[in-house]
Amino acid sequence: MQNRKMVSVFLALAVLLLSMTGCKNSRPSNADKTILYGLKSDPKTLDPQIASDSSSIIAIEALFEGLARLGADGAAKPGVAERWQANTDSTEFTFYLRSDAEWSNKKPVTANDFVYAFQRAVSPQTGSPVCSQMFCLKNARQISSGKLSPEKLGVSAVDSRTLKVDLEYSYPDFPKQTANAVFMPCSRDFFESTSGRYGLEASYVLGNGPFRIDGKYGWAHDQYLNLRRSATYHGGTAPLPSNVDLQIEGDSLDLSKPVATLKNGVVDAVSVSAAQAGKASADGCSIVSFQDTTWGLCFNTSSDLMKNVDVRKAFVQALDRKKVLSHLPQDTSAADSVLLPGTTFLGQNYRKLAGDPFLLSQDAGAAQTLANGLRELGFSKEDKMESVSVLCPNDENVKLMLNEMIISWNSQFHNYFNMEAMDKSDLLSKVKSGNYQIALAPITPDSDGPLSVLSLFRSGADGNFTKYSNTAYDALLSKGETGDGVKAADDYAAAEEYLSRQAVFYPLYYGKRYYAMAKGVTGIVFHPYQGGVDFIGAGKE
């Protein structure tokens, strides 16, 4: 009898051990690993309502979750909201929140957390550089300009788990917009407890996403931001990695040779240039890329010379476009619009809805157009136009492009023009400060859709480094915002054509953004525009 009891005990132990082994093996072999990602700079803030730099956006996507998440296909998937519904014309959305959505302090995420976040984002006191993404919300623009109070924003909590959002215009793709960082929730109690330091240190961050900062010492500025899987996240997809370590370029990390850092296991994924992407691919890395930038001639319309439309048009129409584009930089393609070819609207390709792009063509009378413009500016026939410097990135092909332009301008305008090549960071700094007349500069939208680009040229808009201000153009944009369906696409096309005819930005080529993942690393999803990087499904063998 005793022997039988011992056998029964051993059998029970064996079954238990087998079941434990089975549970352990139910996780894939590439799960529960630490993913190492290289950031070019320290996040400036982990406050979703004001973050605008890519490092901050990447970290925020891991630490927070909006009403929706973006799937690998770029479509809206359930996030904090388990489902949503729109009215017949997509001007009103109701979001139903998960009952188990929690902050990392185990308190529930409620509809009021979204109401407070949205109101704070558009409040003038916040000074958010990205609040224009919220101008689709009813009254958001007027609130941002101080004409209305934040309480007038088109967002309300029906109850703790139901959020109602009213829009300024029909926007069927609005749920996709809520995956952007500025739409992430904010706990009012926690925010107010930080006394103005929200998002600046690890102890002043309260997230609701799949990851949380790894302890009080998880963020060492300019060195690393280490994240670990959050025990309070109950979304539809459980995070695959146990940790995500965001390593910041600096004294302890050199990302100037990203292929070597990938090969040596210093990082598992990192953004790379076009040339570096080719080398990384040859070394067995996986490459992800997408067009996200339009490069072209930008005119500072606030300068004494370039404020005249005929002067700007003359500079564009004097160009031999074919010769200029014969020197395209590596892995770029010719651009015929300020809008990217993949831009979508109402779930369709915008270009197919709007028709052919609008591009100023070469004109043999460019010199006369310039003379007309100079006369309007008060120049006499004897007055000589000042010398003009054109800023551009320090790229050999780009400099050849600029040389072709200068040859055209010299031969037709009989004047002196200068090329000033510089690092991209210096170029962007000068352009944003308005310290230029003409620059070959990039337009990179922060989200999809024609409005995200065209609104950059609206009077007084953040990011309007051309300083363009035109009431007729603004009216065309407003008409598109309040339009419906294909008619709205026609209105945006009219605004696009008007902008082209005004020679504010002359498109030259489309550029790509590249990311590389080391051999054996899978599941990291890179989103275009400011969609960030999603590590929730990242694995490593």
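Leu246 counts as buried because its relative accessibility is 0%, where buried means under 20% relative accessible area, exposed means over 50% and partly exposed lies in between, with a 1.4 Å probe and protein chains only. This residue has its place in strand E11, residues 243-248; helices (H or I, at least four residues) and strands (E, at least two) are DSSP runs, numbered from the N terminus.

Setting aside residues up to four places away in sequence, Leu246 touches Tyr37, Leu39, Ala59, Tyr224, Leu225, Asn226, Leu227 and Phe535, a contact being heavy atoms within 4.5 Å. Leu246 and Ile407, by comparison, are separated by 161 residues in sequence and by 47 Å in space, from C-alpha to C-alpha.

## The model and its confidence

This is a predicted model, in which local features need pLDDT of at least 70 and side-chain atom pairs count only at pLDDT 80 or more, while totals for chains, interfaces and linings use all residues. Residues are numbered from 1 along each chain as its sequence is written, and side-chain values use heavy atoms, with hydrogens and water left out.

The predictor's confidence in each residue is pLDDT, which runs from 0 to 100; its mean over the protein chain is 91, and 94% of the residues reach 70 or more. Over residues 15-24, however, pLDDT stays under 50, and for this stretch the model has zero contacts beyond four places in sequence.

## The chain as a whole

The protein chain contains 17 helices and 24 strands, and buried residues make up 52% of its 541 residues. Along the principal axes, the C-alpha atoms fill a box of roughly 120 × 55 × 45 Å.

Of the contacts between residues at least 6 apart in sequence, 68% join residues at least 24 apart.

Strand E7, residues 162-166, pairs with E5 in the antiparallel sense over five bridges, where two strands pair if DSSP finds at least two bridges between them. Within this pairing, Thr162 in E7 is the bridge partner of Tyr96.

E7 also pairs in the antiparallel sense with strand E6, residues 155-159, over four bridges, and Ser156 stands opposite Lys164 in E7. E6 and E7 form a hairpin, with two residues between them.

## Ser104 in a loop

Where does Ser104 lie? Ser104 is found in the loop between strand E5 (92-97) and helix H3 (111-122), and it counts as buried because its relative accessibility is 13%. Apart from neighbours within four places in sequence, Ser104 is in contact with Leu206, Gly207, Arg212 and Thr232.

## The buried side of helix H12

In helix H12, which spans residues 366-376, the buried residues include Ala366, Thr369, Leu370, Gly373 and Leu374. These five lie on the same side of H12 because they cover an arc of only 135 degrees around the axis, the arc being that of the directions from the helix axis to the C-beta atoms.

Helix H9 (309-317) and helix H13 (396-413) are included in what covers the buried residues of H12. Just after H12, Gly378 takes a positive phi of about 100 degrees.
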